[in-house]
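Here is a short briefing to read alongside the structure.

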Amino acid sequence: AFFIYLHDYFLLTACLKHNFQLLKPVIHSHFTSLKSQTVSTHDRVDIRDSIMIFGRLADKELLLDVEGAGTPEMANCCHGGCDNCNYSRIFDSLSAGRAKWVALYTTRTLIDGRSHESPWAKIFPSEEEAISKEEFVRRIQSLPYKPQMGPPSLPQEVSAEEIPSKEAVERLWGCGLEKPPDEMTPSQLMETLKRLTGEPHGALWSDFVKIFHGP
């Protein structure tokens, strides 16, 4: 019986050693992943700064450039999900009680005359004129802060008097580009926001925060 137990002991030891060798690459990969996550977490912007910026760029209205936008058919639709209506599940405008979307356009005007200008468009002198990085940071910081929908509640709420850090605002400046531009136009900022959020019309908090904290 002793030799049987001894045989089983060596067999178990061999199996454990073999399985560890098989798992070794997986374990290494896991800890490597954790290490990279630690680095990316270190680079993230403080959540308060993210909220301060969102509260300056977001608005409680959004116009959508969809098929039929601004037409009488769209306006007269009850949007009740009727099967015989082309616009039953399509909206050309969204609104909320608090700022909820960062519009991914400077100004949008529908054919029925409704128009909306994005709050961030106000930092540019005109639709075509570019501004420097220093001007960009200063003007974003000077935009009025509004209560918004989406961000998490913090132990100490963000106040309208707080100003986002220079480093946080700079994250919007050519983020993800190999060589950020010396100057930026409204259309360049619009395309940057679209690329970073993955949205075509407007970015909710959950979309916008990816710029600062990742997916």
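The buried residues of helix 2 are Arg48, Asp49, Ser50, Ile51, Met52, Ile53, Phe54, Gly55, Arg56 and Leu57. That makes 10 of its 11 residues buried, so helix 2 is largely enclosed by the rest of the structure. Keep in mind that this is a predicted model.

**Helix 2 and its cover**

- Helix 2 runs over residues 47-57.
- Several elements cover its buried residues, including strand 3, helix 4 and helix 5.
- Strand 8 (202-203), helix 7 and helix 8 also take part in the cover.
- At the start of helix 2, look at Asp46: one of its side-chain oxygens comes within 2.8 Å of the backbone nitrogen of Arg48.

**The chain as a whole**

- The protein chain has eight helices and eight strands.
- It has 215 residues, and 37% of them are buried.
- Take the contacts with a separation of 6 or more: 69% of them join residues 24 or more positions apart.
- The chain exposes about 13,300 Å², and carbon and sulfur atoms supply 57% of that area.

**The largest nonpolar core**

- The largest nonpolar core holds 47 residues.
- Leu57, Val102, Trp120, Phe136, Leu172, Leu193 and Phe208 have the most contacts inside this core.
- Elements that each supply at least two residues of the core include helix 2, strand 1 (61-63), strand 3 (102-103) and helix 4 (133-142).
- Helix 5 (166-170), helix 6 (186-197), helix 7 (205-208) and helix 8 (210-213) are also among them.
- Which element gives the most to this core? Helix 2 does, with five residues.

**Phe208 and its partners**

- Leave aside residues up to four places away in sequence, and Phe208 touches Ser50, Ile53, Phe54 and Leu57, among others.
- The other residues that Phe208 touches include Val102, Leu172, Leu193, Thr197 and Ala203.
- Is Phe208 buried or exposed? Phe208 has a relative accessible area of 1%, under the 20% cut-off, so Phe208 is buried.
- Phe54 is buried too, at 0% relative accessibility.

**Aromatic pairs**

- The structure holds five aromatic pairs.
- In one of them, the rings of Phe54 and Phe208 have their centres 5.5 Å apart and their planes at 50°, so this pair is tilted.
- Phe54 lies in helix 2 and Phe208 in helix 7, so the pair ties together parts that are 154 residues apart in sequence.
- Phe136 and Trp173 form an edge-to-face pair, with 5.2 Å from centre to centre and 65° between the planes.
- That pair links distant parts of the chain, 37 residues apart. Phe136 sits in helix 4, and Trp173 sits in the loop between helix 5 and strand 7 (183-184).
- Both Phe136 and Trp173 are buried.
- Phe54, Trp205, Phe208 and Phe212 form one aromatic cluster.

**Lys166 in helix 5**

- Lys166 is found in helix 5.
- Its relative accessible area is 45%, so Lys166 counts as partly exposed.
- The side chains of Lys166 and Glu170 are joined by a polar contact of 2.6 Å.
- Lys166 also touches Val137 and Gln141, not counting residues up to four places away in sequence.

Note on methods. Residues are numbered from 1 along each chain as its sequence is written. This is a predicted model: local features need pLDDT of at least 70, side-chain atom pairs count only at pLDDT 80 or more; totals for chains, interfaces and linings use all residues. Side-chain values use heavy atoms; hydrogens and water are left out. Helices (H or I, at least four residues) and strands (E, at least two) are DSSP runs, numbered from the N terminus. Buried means under 20% relative accessible area, exposed over 50%, partly exposed in between (1.4 Å probe, protein chains only). Contact means heavy atoms within 4.5 Å. Accessible areas come from the Shrake-Rupley method with a 1.4 Å probe; for residues, only the protein chains shown count as cover. A nonpolar core is a set of buried Ala, Val, Leu, Ile, Met, Phe, Trp, Tyr and Cys residues joined through side-chain atoms within 4.5 Å. A polar contact is a pair of N or O atoms within 3.5 Å; within protein, one must be able to donate a hydrogen and the other to accept it, and residues adjacent in sequence count only if both atoms are side-chain atoms. Rings of Phe, Tyr and Trp (its six-membered ring) pair if their centres lie within 6.5 Å; planes under 30 degrees apart count as stacked, over 60 as edge-to-face and the rest as tilted.
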